[in-house]
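Thanks for joining this short walk through a fold. Have the viewer open and follow along.

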Amino acid sequence: MAKEYGRALRWGLAVVVTAAALVVVLLPGLPALGWWRGAPLFASVLVPIPVTMAVAALVTDHRRREALDRRARAALDGHSMRYELSWLMALLAGFTAATVAVSHFAAALFHGASWEILMPPVRILFLFVLPLLVVDRGGFTTLGHGTVMPRVAMRVTDRWRWTGLFPVGVNLALIAAALFPAPPVPAGLVVGAALAIFAAVAVPEEIFYRALVQTRLERLLGRWGGILATSALFTAVSVFLAAYGDSTTEAATVSAGVLESVVVYGAAGIVYGYVWSCYRNIWLSILFRGGSLLLTVIPELRLL
């Protein structure tokens, strides 16, 4: 009885926090504290992210989460963390270098053409295909070690691991409240943007940063050490690539300065990592990343 009462109380508090945050975001005259994609930084980033983390902390079953942590650690038994992380960092460096090379190559040979169309294959190769071949599967398939963690992340049969849909939905609702209403955008452009964002950004990057890198860093550095270290990597690469106009990610048409970019990417990396650490549900992480990015891109589609 006490357990059920405690669960109901936590969910009630989560609803109250969500409602209060929506009221704050919709209040007129709030300080902007900078701008991000044409929206005030305060309402579109600095409110949604801590609220999402607070709501996730309230609705997550922490006893089950700790048991899931132990499953994730056991899934990596037989793997060399330092060896695999060295490969992952090399592939991340390769992705960064390839992005720079493609931008210079396109600028030199295809004047006036958009080089961004070459970026999805580069991202998918370096952050999805090669990591899975070299790290997650390579060398472990015959022993069975490489198949355990993908099962944990992809076969989400425990219903409580889908309660993360609530904090993710809260985040998306707060972002939408800050960005909209906006001028209408053709439905075809929205569908095309959604397909590109989920297939070429959310899937490869969430698998790389969260399922592969963060899970291994958590084993070495602890839960919060892994979250913060992965967020630092995500932020550094994203801010650097913003200078090369990689418009297939959050770096697209960034009007903010470096400080605002560091704040946005750093905070986003932390909340993405926190939600992953709570549920180890790769489908939820992909929905979170793709949905939040799509919402911020939609108002800009009217410029195309």
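Some questions and answers follow.

This is a predicted model, where local features need pLDDT of at least 70, side-chain atom pairs count only at pLDDT 80 or more, and totals for chains, interfaces and linings use all residues. Residues are numbered from 1 along each chain as its sequence is written, and side-chain values use heavy atoms, with hydrogens and water left out.

Q: Which pattern does the chain follow when read along the sequence?
A: Helices (H or I, at least four residues) and strands (E, at least two) are DSSP runs, numbered from the N terminus. The chain has twelve helices and two strands. Along the sequence, the pattern is α-β-β-α-α-α-α-α-α-α-α-α-α-α.

Q: What percentage of the residues in the chain is buried?
A: Buried means under 20% relative accessible area, exposed over 50%, and partly exposed in between, with a 1.4 Å probe and protein chains only. Of the 304 residues in the chain, the buried share is 50%.

Q: How far apart in sequence are the parts that the pair of W160 and Y279 ties together?
A: Rings of Phe, Tyr and Trp (its six-membered ring) pair if their centres lie within 6.5 Å; planes under 30 degrees apart count as stacked, over 60 as edge-to-face and the rest as tilted. W160 and Y279 form a tilted pair, 6.2 Å centre to centre with 45° between the planes. W160 is buried at 11% relative accessible area, and Y279 is buried at 0%. Because W160 lies in the loop between helix 7 (148–154) and helix 8 (165–179) and Y279 in helix 11 (residues 258–279), the pair joins parts whose separation in sequence is 119 residues.

Q: Which residue lies over the face of F234?
A: F234 and Y265 are both buried, and they form an edge-to-face pair, 6.2 Å centre to centre with 80° between the planes. A charge sits over a ring if NZ of Lys or CZ of Arg is within 6 Å of the ring centre and within 35 degrees of the ring normal. At 5.4 Å from the ring centre of F234, the residue over its face is R210.

Q: What is the phi of R280, which is not a glycine?
A: R280 is found in the loop between helix 11 and helix 12. R280 is buried, with a relative accessible area of 2%. Its phi is positive, at about 45°.

Q: What separates the C-alpha atoms of A268 and V45?
A: A268 is found in helix 11 and is buried, at 11% relative accessible area. A268 and V45 are 223 residues apart along the chain, yet their C-alpha separation is 8.2 Å.
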